[in-house]
Amino acid sequence: VNSYQIFNQDGSDVTSNFRNITTVKGKLEVTKKPLIIKTMGAVKKYDGLPLRNDEAIIEGLDHEEMAEVVTTGEQTEVGESKNTYRIDFGDTDKNNYEIKDELGVLEVTVNDLPIIVTALSSTKIYDGKPAEEKITVEGLPSPLHYEEKHTGGVINVKETREGNFEITSFRILNENGHDVTQNFSKINLVNGTLTINKRKVT
């Protein structure tokens, strides 16, 4: 206290009537204000593409102070992770705030949608050449691709039998060529039949 005065009820200064006046220093303390940053979560089935959620909320900024928050989290493989963020306080003094995070969860689950791999059946008349071997794949998300192996090479009539066009292996690969087959729970392999009919000789 640098100076003081005592007034009576009439507004007159009566400070001189008090001789034993002691001043005591006080302490003014400004504590940090809580600032809550929330990011939102999301869930999806595995498709080889990163899962993101751009939604974020700031709660607790004082008066007209501003800050910008941008989410940075992403999850591509099966599993989960926090939706992290970066924040730009601009002209706002971040030291006035105690930041508390409430981060959403980004979760990628095993894809249980069916993928149907079909070895297409075909019929032809014997001509000394192998029967056409064509594979179709339904339900595979882009940008994933696949590798498969199959039996075939059917040329002669005697090789005709039910299911002789068989898919022996099938793998799903991501953009980097990594095997991600385990991320799909319903892969249906459908074998076909290659039929060679006798050629009529006249």
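Leaving aside neighbours within four places in sequence, which residues is P114 in contact with? P114 is in contact with E138, G139, K186 and N188, where contact means heavy atoms within 4.5 Å.

The structure is a predicted model, in which local features need pLDDT of at least 70 and side-chain atom pairs count only at pLDDT 80 or more, while totals for chains, interfaces and linings use all residues. Residues are numbered from 1 along each chain as its sequence is written, and side-chain values use heavy atoms, with hydrogens and water left out.

**P114 and its loop**

P114 is found in the loop between β8 (105-109) and β9 (115-119); strands here are DSSP runs (E, at least two residues) numbered from the N terminus. With a relative accessibility of 45%, P114 counts as partly exposed, a class that lies between buried (under 20% relative accessible area) and exposed (over 50%), as computed with a 1.4 Å probe and protein chains only. Although P114 and Y97 are 17 residues apart along the chain, their C-alpha atoms are separated by 50 Å.

**Salt bridges**

A search of the whole structure finds nine salt bridges, each defined as a side-chain nitrogen of Lys or Arg within 4 Å of a carboxyl oxygen of Asp or Glu.

| Pair | Distance (N to O) |
|---|---|
| K33 and D62 | 3.5 Å |
| K38 and E59 | 3.3 Å |
| K38 and E102 | 4.0 Å |

In the pair formed by K33 and D62, the closest N and O atoms are 3.5 Å apart. Because K33 lies in strand β1 and D62 in the loop between β3 (56-59) and β4, this pair ties together parts that are 29 residues apart in sequence. K33 is partly exposed, with a relative accessible area of 33%, and D62 is likewise partly exposed, at 28%.

The side chains of E59 and K38 meet in a salt bridge at 3.3 Å, and this pair links distant parts of the chain, with E59 in strand β3 and K38 in strand β1, 21 residues apart. The salt bridge between E102 and K38, at 4.0 Å, also links distant parts of the chain, with E102 in strand β7 (residues 97-102) and K38 in strand β1, 64 residues apart.

**Q75, a buried loop residue**

Q75 is placed in the loop between β4 (68-71) and β5 (79-82), and at 12% relative accessibility this residue counts as buried. The side chain of Q75 makes a polar contact with the side chain of S81 at 2.8 Å; a polar contact is a pair of N or O atoms within 3.5 Å, of which, within protein, one must be able to donate a hydrogen and the other to accept it, and residues adjacent in sequence count only if both atoms are side-chain atoms. Not counting residues up to four places away in sequence, Q75 touches L49, P50, L51, E80, S81, L106 and V108.

**A nonpolar surface patch**

V1, Y4, F18 and I21 make a nonpolar surface patch of about 390 Å². Such patches are made of residues with over 30% relative accessible area and no salt bridge, with nonpolar side chains (Val, Leu, Ile, Met, Phe, Trp, Tyr) joined within 5 Å, and accessible areas come from the Shrake-Rupley method with a 1.4 Å probe. V1 is found in the segment before β1 (33-39) and is exposed, with a relative accessible area of 66%.

Note on methods. Patches are made of residues with over 30% relative accessible area and no salt bridge: like charges are joined within 9 Å, nonpolar side chains (Val, Leu, Ile, Met, Phe, Trp, Tyr) within 5 Å. Helices (H or I, at least four residues) and strands (E, at least two) are DSSP runs, numbered from the N terminus.
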